[in-house]
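Morning, everyone. Let me put the structure up, and then I'll walk through it.

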Amino acid sequence: MKKLFTSDKFFLVAMLLAVVGQSLLAIHFLIDGKQYLLSSAFSILAAVGCCITLFVSYQKHAKNVMKGAIGALLMAILLDSFSYISSMGNSVINSISTPIYIFLALALLVNHFLINEKHTASPRNVAINRILVCGIAIIQFIWTATFLANSSEVLYSIFQIGYMIGFPSMCAVIVCVESRLDAYRLDREAAGWTEEKGYPENYVHEYEKKDDR
């Protein structure tokens with residue numbers, strides 16, 4: 001999965017799917033006009049904005065902006081998982097999948113801090129986050145499949161499918177950045193970088209390699 005999550009094409013596609021998929025559902029909520037849906041719509045759009053910010057800031061090598069955008073997205077994912085607690089008693093599927101989703105979201109957040117508590121590479125932790133994102137995608141698929149099986153609203157079903165694709169894609173964007181940064185750390189460590197000595201003489205950063213092409 002490392003090759004996939006460090007692919008430029010996958011990174012771009014994940015960002016586009018996240019933006020389009022989630023925006024469609026947010027727009028539907030806004031058009032619907034129900035009071036309880038408005039807060040959800042604005043929360044989704046805020047996450048979309050953070051996702052775009054993360055993608056652009058990575059391209060511009062704005063590390064501090066990236067850190068803020070990732071933190072905001074991880075918290076949005078965690079809060080989204082908590083929002084399903086009220087529906088746990090509605091079905092056996094919800095009572096099982098909701099705790100799993102909360103665990104996955106919390107693990108994604110905690111593991112991100114573990115990855116960034118030091119400046120050295122953490123390939124094992126990054127690999128775990130890739131697996132966690134796949135788990136979140138599976139949970140979203142189960143919920144959407146259950147919804148579609150019990151819904152006759154064609155338009156809302158289309159928006160829900162978009163969200164099913166968009167939400168895990170947003171999670172994937174985060175892990176794409178983590179995977180890329182970890183690959184960069186592995187590269188500089190292989191070249192002789194250490195926290196004490198810093199970069200070796202004549203070391204070429206990854207973004208400088210791209211700029212030279």
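Start with the rings. Y84, Y101, W143, Y163 and F167 are joined into a cluster by ring pairs. Keep in mind that this is a predicted model.

How many aromatic pairs does the structure hold? Nine. I'll take two of them.

First, F11 and F55. Their ring centres sit 4.8 Å apart. The planes are at 50 degrees, so this pair is tilted. It links distant parts of the chain: F11 belongs to helix α2, F55 to helix α3, residues 35–59, and 44 residues separate them. Both F11 and F55 are buried.

Where do the two residues lie? Y84 is in the loop between α4, 63–82, and α5, 92–116, while Y101 is in helix α5 itself. So the pair ties together parts that are 17 residues apart in sequence. Y101 has 0% relative accessibility, so it counts as buried.

Now the helix packing. Take α2, residues 8–32, against α7, residues 154–190. The angle is about 140 degrees, and the axes are 6 Å apart. Which hand is the crossing of α2 and α7, left or right? Left-handed. By class, 19 nonpolar residues make up this contact of α2 with α7, along with seven polar and two charged ones.

On to α4. This helix has 20 residues. From first C-alpha to last it reaches 29 Å, close to the 28 Å expected at 1.5 Å a residue. Which residues of α4 are buried? M66, A69, I70, L73, L74, I77, L78, D80 and S81. Note the D80 and S81 at the end of that list.

Buried, exposed or partly exposed? At 39% relative accessibility, H61 counts as partly exposed.

Cysteines next. How many disulfides are there? The count comes to zero. Take C51. The cut-off is 2.5 Å between sulfur atoms. C51 is buried, at 1% relative accessible area.

C176 is in no disulfide either. For C176, the nearest cysteine sulfur is that of C51, 9.7 Å away. C176 has 0% relative accessibility, so it too counts as buried.

Last stop, I138. You'll find I138 in helix α6, residues 123–149. Is this isoleucine buried or exposed? I138 is exposed, with a relative accessible area of 52%. The cut-off for exposed is over 50%. Now compare positions along the chain. I138 and S97 are 41 residues apart, and their C-alpha atoms are separated by 9.8 Å.

To recap. Ring pairs build a cluster from Y84, Y101, W143, Y163 and F167. Helices α2 and α7 cross left-handed. There are zero disulfides. And I138 is exposed. That's my tour. Over to you.

How values were computed: Residues numbered from 1 in each chain as written. Predicted model: local features only at pLDDT ≥ 70, side-chain atom pairs only at ≥ 80, totals over all residues. Heavy atoms only, no water. Axes fitted to C-alpha atoms, helices over the stretch in contact; angles between N-to-C directions. Helix = DSSP H or I, 4+ residues; strand = E, 2+ residues; numbered from the N terminus. Left-handed = near helix turned anticlockwise from the far one by under 90°. Nonpolar A, V, L, I, M, F, W, Y, C, P; charged D, E, K, R; others polar. Phe/Tyr/Trp six-rings, centres within 6.5 Å; stacked < 30°, edge-to-face > 60°. Buried < 20%, exposed > 50% of the residue type's maximum accessible area, 1.4 Å probe, protein only. Expected span 1.5 Å × (residues − 1).
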